[in-house]
Amino acid sequence: MLAITQILSTAVPLPIKNIKAHQIVPKEISLKGERNGIEKNLFRDWRFHKDGSLNDDFILNEDAYFGKILITGNNFGCKNSTDPTVWALYDYGFKAVISSKFSNVFKEKALQNGVLPVKISSEFLQILLQATTAKPKTIISINTKNKTVTLEETGQFEKF
């Protein structure tokens with residue numbers, strides 16, 4: 001796997017705190033340990049209604065929001081993250097997740113599977129969430145060499 005040096009992309013804002021591994025990928029899917037098609041189950045219980053129809057109110061189902069970066073509330077990936085949790089993010093197209101806190105297990109699994117967990121301050125996280133929510137085409141730059149996250153429109157940045 002190639003090392004990530006820079007990601008320049010729009011982002012998907014998901015300002016939910018304490019997202020547990022089974023909310024990222026349902027436990028029964030994660031326990032199967034199969035990767036093929038796992039991205040279809042990313043945030044499945046939020047993306048789809050119980051009858052299988054699309055939940056138009058969930059951010060990943062809105063055409064305006066897309067990109068290689070997921071920006072989440074504090075404490076992402078808590079409660080027993082597994083490889084399938086990260087596979088779903090990666091296979092969906094996310095190359096980085098930005099939050100102000102990650103579980104140690106999620107962080108380890110993410111780094112092993114090609115997703116960059118970027119930990120920033122709660123204050124800068126709020127700035128990024130507000131900017132990307134207000135303007136879906138906002139560009140975020142993550143530079144691993146300089147260890148910075150930059151809001152390209154304003155030049156605001158923070159080291160991670």
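Guide: Let us begin with charge pairs. This is a predicted model, and the count of salt bridges in it comes to five.

Visitor: What is the general idea behind such a pair?

Guide: Side chains of opposite charge can pair when their charged atoms come close. In this structure, one case is the salt bridge in which the side chains of E28 and R44 meet, at 2.7 Å from N to O. The two partners belong to distant parts of the chain, with E28 in helix 2 and R44 in helix 3 (residues 44-47), 16 residues apart.

Visitor: Is E28 buried, partly exposed or exposed?

Guide: E28 has a relative accessible area of 44%, so it is classed as partly exposed. R44 is also partly exposed, at 23%.

Visitor: Which side chain meets that of R35 in a salt bridge?

Guide: The partner of R35 is D91, and the distance is 2.9 Å from N to O. D91 belongs to helix 4 (residues 83-92), whereas R35 sits in the loop between helix 2 and helix 3; the pair therefore ties together parts that are 56 residues apart in sequence. Both ends are partly exposed: D91 has a relative accessible area of 28%, and R35 one of 33%.

Visitor: How are E153 and K135 placed along the chain?

Guide: Their side chains meet in a salt bridge of 2.9 Å, N to O. E153 is in the loop between strand 7 (148-151) and strand 8 (156-159), and K135 is in the loop between helix 6 (122-134) and strand 6 (140-143), so this pair ties together parts 18 residues apart in sequence. E153 is exposed, with a relative accessible area of 56%, while K135 is partly exposed at 39%.

Visitor: May we turn to pockets, beginning with the general idea?

Guide: Rolling a probe the size of a water molecule over the atoms shows where empty space is left. Here, the second largest pocket holds about 160 Å³ of space. Two elements give two or more residues to its lining, namely helix 1 (21-24) and helix 2 (27-32).

Visitor: Which element gives the most to the lining of the second largest pocket?

Guide: Helix 2 does, with three residues. The lining as a whole includes K20, A21, H22, V25, K27, S30 and L31, together with K79, N80, T82 and T85. By class, it has three nonpolar, five polar and three charged residues.

Visitor: What lies around T10?

Guide: Leaving aside neighbours within four places in sequence, T10 is in contact with F66, G67, K68 and I69, and also with P136, K137, T138 and I139. A polar atom of the T10 side chain lies 2.6 Å from the backbone oxygen of F66.

Visitor: Where is N36 found, for contrast?

Guide: N36 is in the loop between helix 2 and helix 3. At 80% relative accessibility, N36 counts as exposed. N36 and D91 are 55 residues apart in sequence, and their C-alpha atoms are 9.1 Å apart in space.

Conventions. Residues numbered from 1 in each chain as written. Predicted model: local features only at pLDDT ≥ 70, side-chain atom pairs only at ≥ 80, totals over all residues. Heavy atoms only, no water. 1 Å grid on protein atoms, 1.4 Å probe; cavity = no way out; pocket = protein on both sides within 12 Å on 5 of 7 lines; lining within 4 Å. Points joined across faces, edges and corners; volume = space filled by probe spheres on them. Helix = DSSP H or I, 4+ residues; strand = E, 2+ residues; numbered from the N terminus. Nonpolar A, V, L, I, M, F, W, Y, C, P; charged D, E, K, R; others polar. Salt bridge = Lys/Arg side-chain N within 4 Å of Asp/Glu carboxyl O. Buried < 20%, exposed > 50% of the residue type's maximum accessible area, 1.4 Å probe, protein only. Polar contact = N/O pair within 3.5 Å; in protein donor to acceptor, adjacent residues only side chain to side chain. Contact = heavy atoms within 4.5 Å.
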